[in-house]
Amino acid sequence: MLLEELLERERQISEAEGRTKGKAEGKAESILFFLARKGFLSEELSNYIMNETNLQILDHWLELAVSADSIEQFIDKVHFII
């Protein structure tokens, strides 16, 4: 019974990690969606955003992407070093 419980726990952890990863990807894509309407979006910036996995950071970036007047303003507010 112990092995079954361990396997079930591992499955649950994997599912939770998968959901978190999916949420992060969705938020990153939303950020890129808004930024793309504000000007040229470099591959370097796109990759930087897509590689972020912290949901709190992505939430903050999403708010900034919506409110920024330009990509440059977004970068200044986020303090990217690109």
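Let us start with D59, which counts as partly exposed at 31% relative accessibility. Please bear in mind throughout that this is a predicted model. D59 meets K27 in a salt bridge, with 2.5 Å from N to O. This pair links distant parts of the chain, since D59 lies in helix α3 and K27 in helix α1, 32 residues apart. K27 is likewise described as partly exposed, its relative accessibility being 24%.

How many salt bridges does a search of the whole structure find? The search finds three. Beyond the pair just described, we turn to helix α1. There, E8 forms a salt bridge with R11, and their closest N and O atoms are 2.3 Å apart. E8 and R11 are three residues apart in α1, and therefore separated by about one helical turn. R11 also meets E15 in a salt bridge, again at 2.3 Å from N to O; these two are four residues apart in α1, which is also about one helical turn. As a general point, an α-helix has 3.6 residues a turn, so residues three or four places apart point the same way.

Finally, I turn to helix α2, residues 43-50, whose buried residues are L45, S46 and I49. They cover an arc of only 100 degrees around the axis, and so they lie on the same side of α2. The face turned away from that buried side carries the exposed residues E43 and E44. What covers the buried residues of α2 includes α1, α3 and α4.

How values were computed. Residues are numbered from 1 along each chain as its sequence is written. This is a predicted model: local features need pLDDT of at least 70, side-chain atom pairs count only at pLDDT 80 or more; totals for chains, interfaces and linings use all residues. Side-chain values use heavy atoms; hydrogens and water are left out. Buried means under 20% relative accessible area, exposed over 50%, partly exposed in between (1.4 Å probe, protein chains only). The arc is that of the directions from the helix axis to the C-beta atoms. Contact means heavy atoms within 4.5 Å. A salt bridge is a side-chain nitrogen of Lys or Arg within 4 Å of a carboxyl oxygen of Asp or Glu.
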